[in-house]
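Please keep the sequence and the model in view while reading.

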Amino acid sequence: MKLNHAHPSRRARALRITGIAAVAAIALAGCSASGDTGDGGDAGGELTFSNWQFLEDGKGPIIWDAVKGYTGPNDNIELTKVEIPFANYADKLSTELGAGGGPDVMVLQDSQFASLVDAGVLEPLDDIADELGDSLNNTNEAGFFQDGQYGFNWERPTYNTVIYNKDIFAELDLEVPTTFEEFLTTAETIKSELGIAGFAGRHQTAEIDGWTLEMANWIYGFGGELSDGKKLTIDKAENVEAVEAFLETFESGVAPIGDDASTFRAKFGQGQVGMLFENSGVATTITSNPDNVVNGENMGAAPLPLANAGSNSQLIIAVNANSDNVEAAKDFVRWVLGEEGQTAIRAGLGASAMATDVEPDAEFLAANPWATQFLEAAKTSKSTLVEGFETESKPIWREVLTAVEDLRVNGGDVKSKLAEVQKSLESELG
């Protein structure tokens, strides 16, 4: 699919520059990027590639094995992996890039990607988009920001799906829910009949990034948005309804309070939770663990039991504008996006959507029939970036989720609480 560079332009305005943007502005003023060597990408040597996924059990070695043999079009590149734990990844990269350093090529979450584009530390890749446009699908629009292509889809693990234990559903003769009311009734039945959690999900600001992805399912699923592209819409009716439904779910007792994601995912794998709103990467991890009772055959996947599509976790591959070998870095991105690269890394990305429509291995699909739901859901899932406020998405979500957590713990009127958040953010952001 040809990339649509005419899709709605996000506001390239002078937003309040914080963190990386401020540091990068100073660093770039005092450092000249060696960048383009002027030899059309013929320069060889080491090319560094940063991705926290290299450290993930199972997935990491598969991804590195897929790319480590890359030597460039002139067979003179040595690819070196940069391993940074996820918990420190964004902060470490921001610091390094802001000081004029950092890896040559990197995988980024979309929220950090937007901030780095705004800071001017990522290399424009419009030429690659023009060259490969016909082979790229529309997930790559996530890398189009401030009127330019600065990255491409590395992986899109969609949260736009409910996974469920088919054995539990068969035992209780349950139908897969398609509405919120059916979902809550199903979760209550599992809880009352089996004494286990009917559902589980993040619900604490201690897991703010992950909870953002999950809460976006509820907001988007009920037809809500945090902005209309020009102004914030925190207290719109659909958002109020979404938060009320979320709170009702946890107040009903079907979901454990206090369990973090690693805990309730482990419980689901052991057959102690009936349903999760989950992403494709986690689904792959759960079903590939031989110690789990949930596997590729008895895990089901279906669209969210809400009226509208949910969220995704968008990972973007980008190039450091201050790299000593920008052209070689861009050649690596070309290879990743080409047939050879896409086929190679597909094995490590399970049922996630990729930059092209390369399908998972037939053997994987046969062993994991649930995967097709995630591949389909990725087409309609949405980013958690707040349209028109992309570089400020994290603080916006933080205030919203802090309010939701307060409502869960202390109670209160949802509409009034969200109106307070709306007023506070309008004052803070101007």
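Are Lys59 and Glu155 buried or exposed? Both residues are buried, a term for a relative accessible area under 20%, with exposed meaning over 50% and partly exposed in between (1.4 Å probe, protein chains only).

## Basis of the report

The model is predicted: local features need pLDDT of at least 70, side-chain atom pairs count only at pLDDT 80 or more, and totals for chains, interfaces and linings use all residues. Residues are numbered from 1 along each chain as its sequence is written, and side-chain values use heavy atoms, leaving out hydrogens and water.

## Salt bridges and a buried pair

The structure contains 19 salt bridges, each defined as a side-chain nitrogen of Lys or Arg within 4 Å of a carboxyl oxygen of Asp or Glu. One of them joins Lys59 to Glu155, with the closest N and O atoms 3.2 Å apart. This pair links distant parts of the chain, 96 residues apart: Lys59 belongs to helix α2 (residues 59-67) and Glu155 to strand β6 (residues 152-155). Helices (H or I, at least four residues) and strands (E, at least two) are DSSP runs, numbered from the N terminus.

## Two pairs involving helix α8

Glu214 forms a salt bridge with Arg202, the closest N and O atoms being 2.9 Å apart. Glu214 lies in helix α8 (residues 208-221) and Arg202 in the loop between β8 (197-200) and α8, so the pair ties together parts that are 12 residues apart in sequence. Both Glu214 and Arg202 are buried.

Asp209 and Lys394 meet through their side chains in a salt bridge (3.8 Å, N to O). Asp209 is in helix α8 and Lys394 in helix α16 (residues 393-410), 185 residues apart. Asp209 is partly exposed, at 36% relative accessible area, and Lys394 is partly exposed at 42%.

## A network

Salt bridges also link Asp127, Glu131, Glu327, Lys330, Asp331 and Arg334 in a network.
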